[in-house]
Amino acid sequence: RHSTLEMLEEATLWFPLWHPSGYFKLFWDGMSIVVTLLDAFTMPVSLAWDTYAGMSDAGSYYLLVVFWTTFFFWLLDMPVTLNTAVYKNGEIRKKRYIVLCTYLRTWFLFDVSLISLDVMTIFTLSHDSGFSAIRSFRILRGLRLLRLLKMSKFNMLLQEVAASTGRQWLILVMAIANTSGLILVVAHLLTCFWYWIGRSTEEQGRRS
């Protein structure tokens, strides 16, 4: 086992791991937060107003651009994660097998599952435009909101960075920002949910 791990380390020496608090990784994590919030605010609106990604109008085209942008971003996020060193109890670990084992134990299955949902979303309506496909498409779009769970990953990472640099005030600042963002997202989800209930009730001929 150790010889295999040593061979893995030697084979990847030409491409060093990114530092988890380096400029590139901080930029990437910032983009991850933006993309996650983009999904959090776009998906509920498209579900509540029953709009779909496409080329029919400006709104549909916007959803199409957002979908493909987020899809390719999260697809690239997996190799970026595998090539970034990790913090363990405030200490940085730069061994690839440690990075790999950490990823496999934490976010690997979650990331693969959501990427699979995106692939299923792509093929659902492209092969079948019937009512069952529309219904399945709505379910798949709703499940993409599970990416909001990734926000906890960013919070843990920032805590590790704060612990390693001694900047404990970062934890307080990010806790306040995280709570504020969570309140906004929940309020947005509830607003879209109640609008969807009212619209569905009206379409059925009942008073909302």
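Is Val112 buried, exposed or partly exposed? Val112 counts as partly exposed, at 31% relative accessibility; here buried means under 20% relative accessible area, exposed over 50%, and partly exposed in between, with a 1.4 Å probe and protein chains only. Before the close-ups, please note that this is a predicted model, in which local features need pLDDT of at least 70, side-chain atom pairs count only at pLDDT 80 or more, and totals for chains, interfaces and linings use all residues. Residues are numbered from 1 along each chain as its sequence is written, and side-chain values use heavy atoms, with hydrogens and water left out.

View 1. Val112 sits in helix 5 (residues 108-127); helices are DSSP runs of H or I with at least four residues, numbered from the N terminus.

**View 2. Leu149 and its surroundings.** Look for Leu149 in the loop between helix 6 (131-143) and helix 7 (151-165). Leu149 is partly exposed, with a relative accessible area of 49%. Leaving aside residues up to four places away in sequence, Leu149 touches Trp107 and Phe110, a contact being heavy atoms within 4.5 Å. The C-alpha atoms of Leu149 and Thr36 are separated by 9.3 Å, although the two residues are 113 residues apart along the chain.

**View 3. Thr36 in helix 2.** Thr36 belongs to helix 2 (residues 23-48) and is buried, with a relative accessible area of 1%. A polar atom of the Thr36 side chain lies 2.7 Å from the backbone oxygen of Ser32.

**View 4. Aromatic rings around Trp28 and Phe73.** The structure holds 14 aromatic pairs, where rings of Phe, Tyr and Trp (its six-membered ring) pair if their centres lie within 6.5 Å; planes under 30 degrees apart count as stacked, over 60 as edge-to-face and the rest as tilted. Trp28 and Phe73 form a stacked pair, at 4.5 Å centre to centre and 15 degrees between the planes. This pair links distant parts of the chain, with Trp28 in helix 2 and Phe73 in helix 3 (residues 58-82), 45 residues apart. Both Trp28 and Phe73 are buried. One aromatic cluster is formed by Trp18, Phe24, Trp28, Phe73 and Trp74.

**View 5. The buried side of helix 4.** Arg96, Ile98, Val99, Thr102 and Tyr103 are buried in helix 4 (residues 96-105). They lie on the same side of helix 4 because they cover an arc of only 160 degrees around the axis, taken from the directions from the helix axis to the C-beta atoms.

Definitions and conventions: Helices (H or I, at least four residues) and strands (E, at least two) are DSSP runs, numbered from the N terminus. A polar contact is a pair of N or O atoms within 3.5 Å; within protein, one must be able to donate a hydrogen and the other to accept it, and residues adjacent in sequence count only if both atoms are side-chain atoms.
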